Amino acid sequence: MPSGTSKEDYLASLKSIETENKIDRVFYRKVGYKIAVALVPTGVSPNTVTIISILIGVLCGPMIYFSSENYIWGLFGIAFLVIANILDCVDGQLSRLTGKKSNIGRILDGIAGDLWFFSIYVGISMRLVAEHNTSIFYIFAALSLVSHLSQAALTDYYKTLHLLFISPEKGAEFDDIESINKKYNDMEPGLNKLFFWFYKYYTTAQMAATPKLQKMVETVRRKFKGFRLPEEESLRFRKGSMIVMKLIDLLTFNGRSIVLFIAILLQQLWIYLAYEIVVLNIVLFTSRLQHETLCEFYTEYIENKYENERD
């Protein structure tokens, strides 16, 4: 731990150990925490760190494209993406350490990874088209991008829901569409409202993909005011959710970046597109099926056990 800090301070800078995968815990979060602690007295805002991470991350795409001419550019691309992800950890940890939080920061943090990978898909497709003299790789890259957005959206949604079952405070970002619409309508016209418009439809898509999850959340909110469940009921859901978490780890940055780095080092970029379109979509389908089944079971359990409470 950094000088003058404790393990408790480090843990407080995380959303939750339960939602962090091993590579994040042993590398990205620890490095990010040290940087966040160093930035606290400087007054640098989390949003500034997020913007820097976006600018560095999108450089990976051009590096991939130019790596066909010089292998070293691919190594630069890997380095830029690793640095960008470290900074993506820093912004959240810095926000929790300083208490500086904002709607725009949350939205920027949510789209940062999407912007990195948009650049990557452009770089990969242009490189493969140039190498194989066929535009079909633009179609594969587009399919990869759409797949990536769907996978990232559901992964984020499941992790945020899991945090809600840990505590209403940790899961405060789990919004329902009614509260989002109210926030949107109350906002003054401007850039913040434009970003929030995208966030509103992003959340709408997440909700549309998870009907049994929506029913479960509605049931729990009806039975337990403020989503404050007895600890035994919270643990019951989280145990089932942790099983799904292990699967959706493949859909996180670490799950996809390892394969991307291998494809770059082997100079076989088609491997990553195939992995994204085939393997990760199978993981997405399987994890969604498992999670919806979990939500259906938990809804029935809560309704039966607390049949006469708060209806």
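Which residues do ring pairs link into a cluster? They are Phe-27, Tyr-28, Trp-116, Phe-117, Tyr-121, Phe-253 and Tyr-272.

A word on the model first. This is a predicted model, where local features need pLDDT of at least 70, side-chain atom pairs count only at pLDDT 80 or more, and totals for chains, interfaces and linings use all residues. Residues are numbered from 1 along each chain as its sequence is written, and side-chain values use heavy atoms, with hydrogens and water left out.

**View 1. Phe-117 and Tyr-121 make a tilted pair.** Searching the whole structure turns up 17 aromatic pairs (rings of Phe, Tyr and Trp, its six-membered ring, with centres within 6.5 Å; planes under 30 degrees apart are stacked, over 60 edge-to-face, the rest tilted). Here the ring centres are 6.2 Å apart and the planes at 45°, so the pair counts as tilted. Both residues belong to helix α6 (residues 103–132), four residues apart, or about one helical turn (helices are DSSP runs of H or I, at least four residues, numbered from the N terminus). Phe-117 and Tyr-121 are both buried (under 20% relative accessible area, 1.4 Å probe, protein chains only).

**View 2. Phe-165 and Phe-237 are stacked.** Their rings sit 4.0 Å centre to centre, with 20° between the planes. Phe-165 is in helix α7 (residues 136–166) and Phe-237 in helix α11 (residues 231–248), so the pair ties together parts 72 residues apart in sequence. Phe-165 is buried at a relative accessible area of 3%, and Phe-237 is buried at 0%.

**View 3. Arg-256 meets the ring of Phe-117.** The charged end of Arg-256 sits over that ring, 5.8 Å from its centre (NZ of Lys or CZ of Arg within 6 Å of the ring centre and within 35 degrees of the ring normal).

Conventions. Helices (H or I, at least four residues) and strands (E, at least two) are DSSP runs, numbered from the N terminus. Buried means under 20% relative accessible area, exposed over 50%, partly exposed in between (1.4 Å probe, protein chains only).
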